[in-house]
Amino acid sequence: MTLLEVDDLRVTFSRKGAPDFTAVDGVSFDVDAGEVVGLVGESGCGKSVTSLAVMGLLPQRSARVSGAVRFDGTDLLRASAGQLARRRGKDLAMVFQDPMTSLNPVLTLGRQLTEVLRTHTDLDRTAAKKEAVELLGRVGIPDPRRRVGEYPHQLSGGMRQRVLIAIALACSPRLIIADEPTTALDVTIQAQVLDLLTGLVRESGTAMVLITHDLGVVAGTCDRVNVLYAGKVVEQATRGELFARPRHRYTTGLLAAVPRVDAPEGTALQPVPGTVRDRLPWTQGCAFAPRCGAADDACRAGEIALEAAGGIEGGPSGHPARCVHPADLEVSR
Amino acid sequence: MTALDALTPAGPDGAAGAATGEDGVGPWQSAWRRLRRNPAGIVGAVIVLLFVLVAAAAPLLAPYKPATSEWFGQVTPTSVPGPSAEHVLGLDSFGSDLLTQLLYGARSSLVIGVVSTAVGLAAGAFLGILAGGIGGKVDTVVMRVVDVLLSIPSLLLAVSVAAVLGRNSWSIMLAISAAQVPIFARLLRASLLAQRGQDYVVALRSLGLRRRSIVVGHMLPNSLGPVLVQATLTLATAVIEVAALSFLGLGDPNPAVAEWGRMLVTAQARLDQAPHLALYPGLAIAVTALGFTLLGEALREALDPRSSR
Amino acid sequence: MLTLVVRRLGLLVVVLFGLSLLLFAWVRALPGDPARALLGEKATPAGIAEVTRRYGFDQPIWQQYLTYLGRLLHGDFGSSINTGEPVVKTFTERFPATIELSVAALLLAIVVGIPLGYLAARRRGGWLDNLVVGGSLLGVVVPVFFLAVILKYVLAIELGWFPTSGRQNARIDATHITNFYVLDGLLTREWDASWDAVLHLVLPALALGSIPLAIIVRITRASVLDVLGDDHVRTAQAKGLPRSVISRRHVLRNALLPVSTTLGLQAGALLSGAVLTETVFSINGIGSYLFDAVTQLDYPVLQGFILFIAVVYALVNLVVDVSYGFIDPRVRVS
């Protein structure tokens with residue numbers, strides 16, 4: 001059953017004195033109930049903007065949003081501010097990237113937990129407080145009864161991210177959007193927090209959109225993956241397919257840049273050259289072409305569709321990718 | 001030396017080493033460009049320029065001599081002569097030409113303001129460099145002294161200085177600079193301390209440069225921008241303080257002296273019959289202070305684009 | 001927290017000690033006989049002999065200082081040259097007027113300034129914002145005594161809406177308990193007296209309030225803009241909290257922390273401004289007392305004033321810092 005359906009989402013930022021910038025350029029993907037879906041890409045490819053658009057948290061003055069975000073049948077983009085607020089925190093929640101700044105420094109942890117409970121449920125003060133202690137315990141914070149009265153600066157980054165996860169889970173939402181939830185943490189803590197998050201999500205049957213630039217994270221958690229580049233989805237696959245048979249040249253580039261334990265000795269990591277800024281407008285071809293080793297004139301000859309392979313006889317039947325020269329065809333050639 | 005200079009992020013932006021936008025243009029030049037594009041800054045600069053010109057050329061511009069009480073006979077207890085052919089703005093309550101008094105008032109405001117700010121800047125900078133450049137015990141001692149200075153309200157400081165030195169312009173100058181010393185001391189110290197940990201200073205030190213030449217040759221030039229901004233803003237306060245102190249009766253004992261603050265205080269007695277006597281000097285103070293403030297804010301934005309809000 | 005209080009009180013003692021030394025040196029540095037200087041123009045040979053004996057001017061200088069310090073510690077700040085009244089007595093009589101004025105001005109500035117700064121930041125770039133930014137600039141550059149003169153001329157002399165001077169109409173025979181006239185009226189249930197005192201307070205408070213108002217508005221605005229950009233506000237939105245709760249609990253509350261620290265720094269400016277405002281509206285506070293002392297070089301009064309204000313100023317700042325510690329949990333712990 002489809003829980004979230006993002007359909008042709010477009011976000012354009014306009015600022016005085018600067019040309020309009022389209023950060024999200026017709027993104028479509030969906031999330032089934034209880035499923036973990038990854039949005040992968042380098043910074044600046046539109047992942048975070050997509051998540052903020054789904055939550056309705058983009059600045060209204062400077063961002064224009066079009067398309068549709070259907071959550072459980074209703075289009076969130078067309079919901080009123082009040083309707084949206086009633087669903088946020090209750091039906092869909094978010095875990096942000098930077099735990100150091102995402103908690104209010106002058107309110108106790110307990111207060112920040114109970115306020116979301118008391119907004120969306122009819123728990124009274126004492127019940128909410130009890131629930132807050134329970135939640136802190138669930139996310140693995142030791143001595144939650146004491147911690148409830150403490151302030152964010154008294155906790156480490158990893159602990160704060162646990163608190164943010166507790167806040168997101170507080171009202172048992174049906175969907176959680178986690179925007180780079182471990183990027184700001186120490187490497188040693190990253191795995192712990194990610195395990196906690198996925199464990200809790202799986203356990204409660206909550207669906208999750210996991211945003212990351214790290215394919216290693218995707219490999220361990222996601223059911224399905226959307227690879228984003230320059231505001232468009234360039235490849236959509238299940239986790240197995242993506243790692244076994246990546247098709248878009250950007251995806252293969254990302255995979256080549258991930259260190260692997262099973263790689264033959266002496267294999268050098270292959271970074272993707274250039275940055276997202278070196279892009280071709282999608283209307284003129286593949287935005288990735290300037291950075292792509294396999295690009296030729298065909299890649300610069302107008303818009304390229306996101307399509308599954310199959311047109312070529314004898315080729316492997318692949319998942320959708322937005323590429324003129326998919327990597328999987330090279331093998332069979 | 002040239003190789004070492006290359007290490008120093010020269011100019012006002014240097015402290016953070018931020019790119020200033022325009023390629024191939026020094027930070028001072030690009031600051032100048034930004035300043036010229038800021039309308040409020042231009043208004044401020046024009047006011048300041050006019051003020052300085054008027055102050056400098058007061059003897060040429062003024063139709064008469066100041067504080068003469070020459071036409072005191074025309075002033076009655078119930079009326080002060082208004083504008084006439086001989087006196088464009090009329091007389092003041094002591095029988096001097098009002099326009100002349102206003103022009104010379106600019107002169108005394110400028111002299112007292114500039115001298116006091118210069119003295120305050122020099123003394124404050126000395127303390128600040130001592131504290132921030134040497135650090136350690138010197139820093140502690142100097143900053144305690146500054147704390148003590150700061151813990152006394154500036155008016156009080158001014159009143160005490162003025163009371164010790166008696167009623168003359170010098171006491172006003174020193175009084176105002178005494179209140180400014182802590183401001184500049186803190187500013188320079190903070191700026192030097194912020195730079196001390198920066199990579200370029202560490203690099204210079206690793207090259208074996210002596211501390212004094214690092215501080216004087218590399219760190220101080222980087223503090224120039226903020227000091228310039230603060231000095232301009234301080235001039236605005238100084239103009240108001242000069243007026244406030246002469247309003248309180250400090251400064252020249254002659255009540256008819258051409259000082260805006262004193263003109264305001266004497267005008268009060270005739271507020272119901274001749275409000276313009278209070279209006280002109282008051283406006284003169286406000287406009288001058290506005291000029292320095294606008295210029296100072298514009299300088300701040302030009303020298304540090306990130307601070308603009 | 002306790003160490004802060006102790007340290008600040010320690011600093012205060014150092015400041016007072018240094019000040020007393022300076023003030024002592026000051027009177028000694030006056031040209032001529034210090035006894036004559038203390039007595040001013042009214043000095044008679046008998047008076048000089050009396051003062052010389054009382055202040056110990058014939059004793060060694062260190063002993064003189066100790067005597068001076070001892071008298072200070074006993075609360076003897078000397079007597080005014082002009083009136084002969086003990087400085088401390090005059091101060092305690094007059095200080096309520098100054099406090100009343102300063103508190104009224106500060107309240108006005110807070111009540112008007114914080115909402116204005118908040119609204120300006122919420123509608124950044126709008127007409128209200130431009131008005132607030134421009135107005136706060138004017139508040140900084142227009143001298144308080146000039147504003148006082150304008151208000152007095154327009155609203156009191158020309159329009160006659162408010163009294164021109166004083167603290168209360170002389171015809172009202174009010175009972176004074178605390179010397180805070182508004183409060184006195186309320187305590188004695190003399191509503192007319194209280195209301196009259198309020199009317200007298202409006203213009204001076206408006207004039208004096210312009211200083212803290214300009215600063216409070218600016219800082220509130222900048223601070224709210226800062227907080228609005230903070231991640232935790234976005235978290236609050238993502239929680240689905242009602243808009244009013246976000247504004248109050250997550251924006252305003254955080255934004256007011258920096259505002260509250262600056263309130264302490266206002267104390268000095270407020271005091272200086274009060275001195276000037278009192279002279280314009282002929283209010284018998286310490287301002288006009290100081291004004292007289294300065295023009296007549298009444299040394300004992302000036303000495304007493306300086307010490308007294310240093311103490312008040314330091315205490316006010318201490319109270320502000322301590323209360324700041326209670327508001328901001330980050331300060332409280334560290």
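Helices here are DSSP runs of H or I with at least four residues, and strands are runs of E with at least two. The model is predicted. By that assignment, chain B holds 12 helices and zero strands. Its elements, taken in sequence order, read α-α-α-α-α-α-α-α-α-α-α-α. Chain B has 309 residues, of which 53% count as buried. Among its contacts with a separation of 6 or more, 70% join residues 24 or more positions apart.

The C-alpha trace of chain A extends over about 65 × 50 × 40 Å along its principal axes. Of the 333 residues in chain A, 44% are buried. Contacts between residues 24 or more positions apart make up 62% of those in chain A with a separation of 6 or more.

Next comes a sheet in chain A. Strands of a sheet pair through backbone hydrogen bonds, in either a parallel or an antiparallel sense. In chain A, four strands make an open sheet in the order β2-β1-β4-β5, with antiparallel pairing. Its edges are β2 (18–32) and β5 (74–75) of chain A, each of which pairs on one side only. Within this sheet, β1 of chain A, spanning residues 2–15, pairs with β2(A) over 10 bridges in the antiparallel sense. One position can be followed across to β2(A): A:Leu9 stands opposite A:Val27.

Key: Residues numbered from 1 in each chain as written. Chains lettered and ligands numbered in written order. Predicted model: local features only at pLDDT ≥ 70, side-chain atom pairs only at ≥ 80, totals over all residues. Buried ≥ 20, exposed ≤ 12 C-beta atoms within 10 Å, placed from the backbone. Contact = placed C-beta atoms within 7 Å. Pairing = 2+ DSSP bridges.
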